[in-house]
Amino acid sequence: MADVSLTSPISAPTGAALTTADGKPLKAALASAQARAKRRAFFLVLPLLLFVLITFIVPIGQMLHRSVHNNSFTEHRDFGTNERTPIMTNLGAWFDENPAGTEPDEAAYAALVADLRGLRELRAQGQVGTRINYDVSGTRSLFTKSARRAERLEPPFKEALLDVDEDWADPELWRAMRDASSPYTLNFYLAAVDLTRDETGAVVQVNENRRVYVTLFIRTLLLSALITGLCFLLGFPVAHLLATLPLRYSNLLMILVLLPFWTSLLVRTTSWIVLLQSQGVVNDTMVALGIIGDDGRVQMIYNQIGTIIAMTHILLPFMVLPLYSVMRPIDPSYVRAARSLGASSWTAFRRVYLPQTVPGIGAGSLLVFILAVGYYITPALVGGSSGQLISNLIAFHMQDSLNWSLAAALASLLLGGVLILYWLYDRLVGIDNLKLG
Amino acid sequence: MALPKHASPLERIWHYTYLVICALIFLFLIAPILIVIPLSFNAEPYFTFTDKMLSFDPEGYSTRWYDLLLTFGMNAPGAERDFSWWSDAWANAAWIKAAKNSVIIGFFSTILATVLGTLAALGLSRPEMPYRRAIMAILISPMIVPIIIVATGMFFFYSSVGLANSYLGVIMAHATLGIPFVIITVTATLVGFDHSLTRASASLGANPTTTFFRVIMPLILPGVISGALFAFVVSFDEVVVVLFVADFDQQTIPRQMWNGIREQISPAILAVATLLVVVSIALLTTVEFLRRRSEKMRGLSPG
């Protein structure tokens with residue numbers, strides 16, 4: 001606080017601005033005090049901001065970069081010495097000299113053979129073959145086989161290579177090599193939405209039997225919407241009950257909502273496996289009650305049903321808590337007034353109560369949907385093959401197929417969608433209103 | 001929610017149907033968590049109630065799965081249970097190792113997340129904070145961004161800077177994931193904070209540090225502890241990041257459970273699950289207690 005001198009009228013010339021004790025104009029003193037307060041607030045946040053930047057924003061940014069950048073066709077890195085060697089340089093030079101669509105001539109094949117010999121020395125033929133295999137499947141062995149024989153090949157190289165494997169004449173392969181010779185590419189994004197390039201470089205859909213990603217994106221959206229709907233159907237009555245009960249009882253019942261929220265995700269998923277197994281508690285009960293025969297046990301786990309049930313259970317508290325915090329302050333006298341004016345209980349609910357809960361419905365549904373779209377653990381454990389979501393495919397490409405660029409492209413599409421929803425949530429609900437119990 | 005005296009029969013029927021529906025939903029919420037407790041005492045390696053269990057025959061129950069948790073991975077599980085047996089268990093049993101790792105990683109990531117998060121929450125709840133909304137959005141985002149994306153990004157980043165397969169890497173990753181929870185809880189506590197108290201303290205001659213430790217801290221402490229507990233639970237329950245950036249040496253309880261569920265699920269998993277349910281009940285009780293205390297302290301709650 002800058003201390004303001006109020007005894008200045010005698011000394012100060014008439015018409016001049018008020019000044020502080022040390023003679024600064026009041027306006028400037030106030031501005032500098034505010035700037036100081038601003039800086040102080042900012043410096044409190046700064047350490048955390050830097051921490052999040054380093055451990056969170058930078059890694060994700062780096063991953064996004066990987067979705068457009070793949071240098072396994074142009075550079076070899078020795079994991080022992082960490083030495084980087086450019087590879088496929090001869091072919092790269094030929095691609096630079098000849099425009100796209102040029103029929104590969106003897107010079108091109110000679111460059112290719114020279115590069116294959118280089119690959120053999122560095123043992124990098126697998127890496128290059130894998131890279132081209134992402135675009136044109138079945139070509140990995142082409143590279144390993146030809147690199148093995150490259151040393152013994154004699155000119156004319158075109159015939160010699162075609163002798164090793166006539167697939168070398170495939171124009172699509174040449175198109176793929178040309179694309180890969182520049183490390184920056186959008187092809188992984190194309191692949192992530194089931195598109196590819198034909199031999200002329202035009203964008204086309206991939207073969208029908210290989211279209212998986214768009215289907216999976218749609219499935220993820222549909223399942224998330226379904227789970228959000230189920231959470232709403234189950235969460236609304238419960239939130240309403242909690243909001244209308246006296247605090248003493250509602251606080252007790254609230255524990256039934258909060259306990260699942262605090263319980264380990266893996267524990268909850270395990271319980272659902274135990275409950276829903278074909279030899280599990282639910283099936284046993286149904287058999288004992290005579291609802292189904294012993295041979296008619298329902299398969300409820302390791303498929304879509306398992307994913308839906310378990311995820312609804314896990315995400316339900318995220319619906320109940322925002323609904324509850326909106327419903328609690330609603331004054332019951334509005335509904336009473338509606339009833340006394342002649343509305344039936346259904347009309348009073350629909351026209352008077354429901355509209356007041358819309359902010360809670362919006363907040364809860366958006367939150368559940370955002371969390372559901374990116375879910376990984378539960379589908380991985382109980383989803384079988386039909387209950388997998390897009391996150392599981394990203395994990396598959398990260399851990400099993402090791403096509404990291406495609407994983408990154410899929411991840412950035414998912415991230416883009418989630419960030420749009422997050423922005424929407426911030427606009428409509430405000431992050432400040434996020435509550436946990 | 002009492003039914004008025006003049007309610008029509010239809011309304012009465014609906015009212016009771018509604019209560020039954022709510023009871024069923026509560027059952028749906030809580031049953032899966034409680035069901036693992038009796039099943040973990042099953043004498044047979046099944047995931048369902050055996051006839052002996054249903055007739056409350058003591059033979060149907062046993063603690064063999066809890067015993068397995070102790071002995072699994074030990075050098076000499078069959079030896080006599082004296083001091084050397086217990087020290088063998090402490091040093092070698094796989095689940096005890098995992099529990100130790102979970103506690104170490106959870107403890108340090110909680111400290112990191114709580115200190116940084118509380119400081120930031122103090123700054124964020126000042127009215128003069130610039131770019132408040134955008135910064136808040138960034139700091140909350142680890143909770144929103146799908147975990148697989150976070151784990152993927154961290155895998156590449158930590159591998160490139162040499163933090164992969166180390167305790168420090170996992171601790172930093174878990175702290176990042178716990179931060180949103182600390183921020184949300186502490187800013188919620190600060191919403192009702194009366195800033196004239198800090199001004200009063202300053203006018204009585206206290207410097208900012210004294211004011212913080214003697215005036216602000218005691219008042220927001222319940223919120224800070226709740227936030228810390230949230231951060232701890234996030235780390236204690238986290239498996240995907242551990243799968244991507246941790247090595248065998250940093251196996252945590254969830255990681256061990258993940259293996260168990262994926263490879264061959266045995267009732268030993270249910271024994272772990274039961275122990276974790278007990279932990280979560282304890283944590284929930286603490287947080288509820290703190291919340292009421294904080295509300296009482298700030299005069300927000302009637303009782």
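Mentor: We begin with a definition: helices are DSSP runs of at least four residues, numbered from the N terminus. Please keep in mind that this is a predicted model.

Trainee: Is A:Ser264 buried or exposed?

Mentor: Buried means under 20% relative accessible area. A:Ser264 has a relative accessible area of 10%, and therefore counts as buried. A polar atom of its side chain lies 3.2 Å from the backbone nitrogen of A:Leu266. Once neighbours within four places in sequence are set aside, A:Ser264 is in contact with B:Asp237 and B:Leu276.

Trainee: How is the length of a helix checked, for instance that of helix α3 of chain A?

Mentor: The expected span is 1.5 Å times one less than the number of residues. Helix α3 of chain A (residues 106–122) has 17 residues and should span 24 Å; its end C-alpha atoms are 24 Å apart, so the two values agree.

Trainee: Which residues of α3(A) are buried, and what covers them?

Mentor: The buried residues are A:Ala108, A:Tyr109, A:Ala111, A:Leu112, A:Val113, A:Asp115, A:Leu116 and A:Leu119. Their cover includes α2 (89–97), α4 (125–135), α5 (140–149), α6 (157–164) and α7 (171–180) of chain A. A:Arg123 follows α3(A) and has a positive phi, near 55 degrees.

Trainee: How are A:Arg175 and A:Asp179 placed in helix α7 of chain A?

Mentor: An α-helix has 3.6 residues a turn, so residues three or four places apart point the same way. A:Arg175 and A:Asp179 are four residues apart in helix α7 of chain A, and so are separated by about one helical turn. A:Arg175 is buried at 8% relative accessibility, while A:Asp179 is partly exposed, with a relative accessible area of 21%.

Trainee: Which residue forms a salt bridge with A:Asp284?

Mentor: The partner of A:Asp284 is A:Arg297, and the closest N and O atoms are 2.9 Å apart. This pair links distant parts of the chain: A:Asp284 is in helix α12 of chain A and A:Arg297 in the loop between α12 and α13, 13 residues apart. A:Asp284 is partly exposed at 23% relative accessibility, and A:Arg297 is partly exposed with a relative accessible area of 22%.

Trainee: Which residue forms a salt bridge with A:Arg339?

Mentor: A:Arg339 forms a salt bridge with B:Glu11, with 2.9 Å between the closest N and O atoms. Because A:Arg339 lies in helix α14 (residues 333–340) of chain A and B:Glu11 in helix α1 (residues 9–39) of chain B, the pair joins two chains. A:Arg339 counts as partly exposed at 33% relative accessibility, and B:Glu11 counts as buried at 18%. Elsewhere, salt bridges that share partners join A:Asp135, A:Arg175, A:Asp179 and A:Arg197 into one network.

Trainee: Which residues make the nonpolar surface patch?

Mentor: The patch of about 610 Å² is made by B:Ile104, B:Phe107, B:Phe108, B:Ile111, B:Val115, B:Leu119 and B:Tyr167. Helix α5 (residues 94–124) of chain B gives the most to this patch, with six residues, and B:Val115 is placed in that helix.

Trainee: Is B:Val182 buried or exposed?

Mentor: B:Val182, in helix α8 (residues 167–191) of chain B, is buried, with a relative accessible area of 0%. Apart from neighbours within four places in sequence, B:Val182 is in contact with B:Ala113, B:Thr114, B:Gly117, B:Thr118, B:Gly227 and B:Ala231.

Key: Residues numbered from 1 in each chain as written. Chains lettered and ligands numbered in written order. Predicted model: local features only at pLDDT ≥ 70, side-chain atom pairs only at ≥ 80, totals over all residues. Heavy atoms only, no water. Patch = residues over 30% accessible without salt bridge, like charges linked within 9 Å, V, L, I, M, F, W, Y side chains within 5 Å. Areas by Shrake-Rupley, 256 points an atom, 1.4 Å probe, with all protein chains shown as cover. Salt bridge = Lys/Arg side-chain N within 4 Å of Asp/Glu carboxyl O. Buried < 20%, exposed > 50% of the residue type's maximum accessible area, 1.4 Å probe, protein only. Polar contact = N/O pair within 3.5 Å; in protein donor to acceptor, adjacent residues only side chain to side chain. Contact = heavy atoms within 4.5 Å.
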